[in-house]
Amino acid sequence: MKKYILTIAAAVAAMTFTSCNQDLLEEPQKGTYSESQFYKTDEDCQSALAACYAAIQHGKASKGGFFMVDMCITSLLGDDAYKTSSGYKADDYHTFMLSTYDATHSFVNNEFQMLFQIVYRCNLVIDYFGAGTSAIQKNAVAEAKVIRAFAYSKIISFWGTPPLVKNVPRTGADMQLPNASTQELWAWVISTLDEAINSGVLQSKSGPNDKSVVRVTKEFAMALKGKAQVFAGDYAGAKTTLKAVMESGKYSLVPGDQMELLGMGSKCNNNCESLFETNTIADDNNYSIVCANDNWMAYVPCRMDKHALIAGSYFTQYQGATWGYYAPSEKIIKAMIAHEGWNSNRFKAWFWTYEQNMEMGLGSFESQKKESDQTALDAMGFEPRKDFKSNAGKWWCAECAGIWNRKLMIPAEDMFKNNYGYDSANRKYMRLAEVYLLYAEACAQLGETSGAGLQALNDIATRAGAPTYPTLNMANVKQEKWFEMWMEGCRYVDLVRWGDGPTELANHWKTVPTFYGYKTGKSFKDIAPDGKNLYDVYDIRELDLEALTNTTYGFRKGQDELLPFPATELANNPNLVQNPNW
């Protein structure tokens, strides 16, 4: 079978290489198929469509796969979470978090490549089977159009004016397309989604509890269209589109007392609220068919490798694979506690407290301090803490505000026994709550202060166990969406498109906290029921033993609104113009 071209630049490089010898081009290869030979039958069509899904499922395993890199971009550029772990300021994650990256950064390159890999594979299906008459081919083309629109929605959000690649590149000119305008790109995404929606062949679930439909659905295509309309500023059109999804009866909000089902793990797979997720086949002996092993970094309490674990505890299956990136930012913790307390359905589903982590097996042990560290602490008048034990001697928890990420935690029972770092949890990309919040935004942008938009906003707040809002306005929509969609790839993109980046991220990661456990003489029982005195009990310091004060920080207006086009793409495409100030 043919080799897939991963990027536009890769295609150019391949073409340059083969053009050296025309005889080699004309000599048929043995044991291979050309595109025109392969893309013929329904079986070929199904294989090509499966490759589209696989491009989302796997991505580049060297950086944890598509889900991991996508989360790095949307979380670390925003104010959702700290990177945590070691290598402060020196690794790819911290240079991205601190906005010291450039057009050669691995995340920029990998995200661009993986998204255009998705586009390329979808274009293969659309180009070769667009005129197909069988039901299989018609359905595959419609699904490919939706998946391509999904990829392009991210490409536009991150890069603004990328080339518009509608077909499989055939010539050098096809591989050196110029920038397209953002307006043109969103219009094309909406148009191609309309083609898929109106095809009449996309599947739909029979109802919220139908788990048999695990591919692209008509309702997901409509939700994606509504999102594109909001991003393009067509709020009236978005209202109509998103309302149809909400009223379709195919999906429902997970009940408030079951919000943990919106997290990670096999019990969360294909829940009643999920509009689109990549599916995992649980097979301990064949991990190549599951998601790339991104959980080893992201979905455990931060720096668990620095703590002693209680034998037989919840976390012991993660031993040795537990750097634990993405501790919630102090900013969102304080904001959510101030708004709804820490006993709301949502706070309890999204986060774990220090006490809960200890109860599940992190333990509280006598510290093993390094003399140099204690000398520095003594000079600052800090007392030794006894809440953490470190195998490496460090007994504080850098880049942590005392609350841990539960939302992305994969249960120990879902870890594959025979394959390091792999699990049976699906990766989620859109759910019904986002549709409600986009609908509320569309209504607010149209100047509506009550009615269906306010009801949609308050449906999310009520389910969360949070206070409802008396009126609909953008301030309330922005807050509720930040809380509800935390760590789901929305925050940074939203701040940019709302124009809030310069203010909300003005001091972005100027300092990051260090967690020491409880203050002297304090314990969990000293925390009030609403948790609003949490930081009177937790010992949080901006301690500079690990150089946690930054000289480079904050949102760079006129630059950070868009990612740079990768340097490799610019080198291979002279018609591509770099984004401003990169």
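Helices (H or I, at least four residues) and strands (E, at least two) are DSSP runs, numbered from the N terminus. The model is predicted, and local features need pLDDT of at least 70, side-chain atom pairs count only at pLDDT 80 or more, while totals for chains, interfaces and linings use all residues. Residues are numbered from 1 along each chain as its sequence is written, and side-chain values use heavy atoms, with hydrogens and water left out.

**View 1**
Of the 582 residues in the chain, 58% are buried (under 20% relative accessible area; exposed is over 50%, partly exposed in between; 1.4 Å probe, protein chains only). Among contacts (heavy atoms within 4.5 Å) with a separation of 6 or more, 73% are between residues 24 or more positions apart.

**View 2. Strand β2 (residues 274–278) beside strand β7 (residues 427–431), which run antiparallel.**
Two strands pair if DSSP finds at least two bridges between them; β2 and β7 are joined by four bridges. Glu277 has Lys428 of β7 as its bridge partner. Five of the five residues of β7 are buried, so this strand is largely enclosed by the rest of the structure. Thr278 belongs to strand β2 and is buried, with a relative accessible area of 5%. From Thr278 to Asn426 the C-alpha to C-alpha distance is 5.6 Å, although the two are 148 residues apart in sequence.

**View 3. Helix α19 (residues 474–484) and what covers it.**
Eight of the 11 residues of α19 are buried, so the helix is largely enclosed by the rest of the structure. The buried residues are Met474, Asn476, Val477, Glu480, Lys481, Trp482, Phe483 and Glu484. Their cover includes strand β7 and the helices α13 (330–340), α14 (345–350), α17 (432–445), α18 (452–464) and α20 (491–497). At the start of α19, a side-chain oxygen of Asn473 comes to within 3.2 Å of the backbone nitrogen of Ala475. A polar contact is a pair of N or O atoms within 3.5 Å; within protein, one must be able to donate a hydrogen and the other to accept it, and residues adjacent in sequence count only if both atoms are side-chain atoms.

**View 4. Lys481 in helix α19.**
Lys481 is buried, with a relative accessible area of 2%. Leaving aside neighbours within four places in sequence, Lys481 is in contact with Glu434, Leu437, Leu438, Trp486, Cys490, Asp494, Arg497 and Trp498.

**View 5. The crossing of helices α13 and α19.**
Two packed helices are described by the angle between their axes and the distance between the axes. Axes are lines fitted to C-alpha atoms, for helices over the stretch in contact, and angles run from 0 to 180 degrees between N-to-C directions. The axes of α13 and α19 come within 11 Å and cross at roughly 115°. That makes α13 roughly perpendicular to α19 (65 to 115 degrees; under 35 counts as roughly parallel, over 145 as roughly antiparallel, and the rest as oblique). The crossing of α13 and α19 is left-handed, a term for a near helix turned anticlockwise from the far one by less than a right angle (right-handed if clockwise). Lys331, Ile332, Ala335, Met336, His339 and Glu340 of α13 make the contact with Gln479, Glu480, Trp482 and Phe483 of α19.

**View 6. The crossing of helix α5 (residues 65–76) and helix α7 (residues 106–129).**
Here the axes come within 10 Å and cross at roughly 130°; α5 and α7 are therefore oblique to each other. The crossing of α5 and α7 is left-handed. On the α5 side, Gly65, Phe66, Val69, Asp70, Cys72 and Ile73 meet Phe107, Asn110, Glu111, Met114 and Leu115 of α7.

**View 7. An open sheet of three strands, in the order β5-β8-β9.**
Strands of a sheet pair through backbone hydrogen bonds, either parallel or antiparallel. In this sheet the pairing is antiparallel. Strands β5 (397–398) and β9 (538–541) are the edge strands, each pairing on one side only. Two bridges join β5 to β8, and Ala398 stands opposite Thr514 in β8. Three bridges join β8 (residues 514–518) to β9. In β9, Arg541 is the bridge partner of Thr514, and Tyr538 is that of Tyr518. Five of the five residues of β8 are buried, so β8 is largely enclosed by the rest of the structure.
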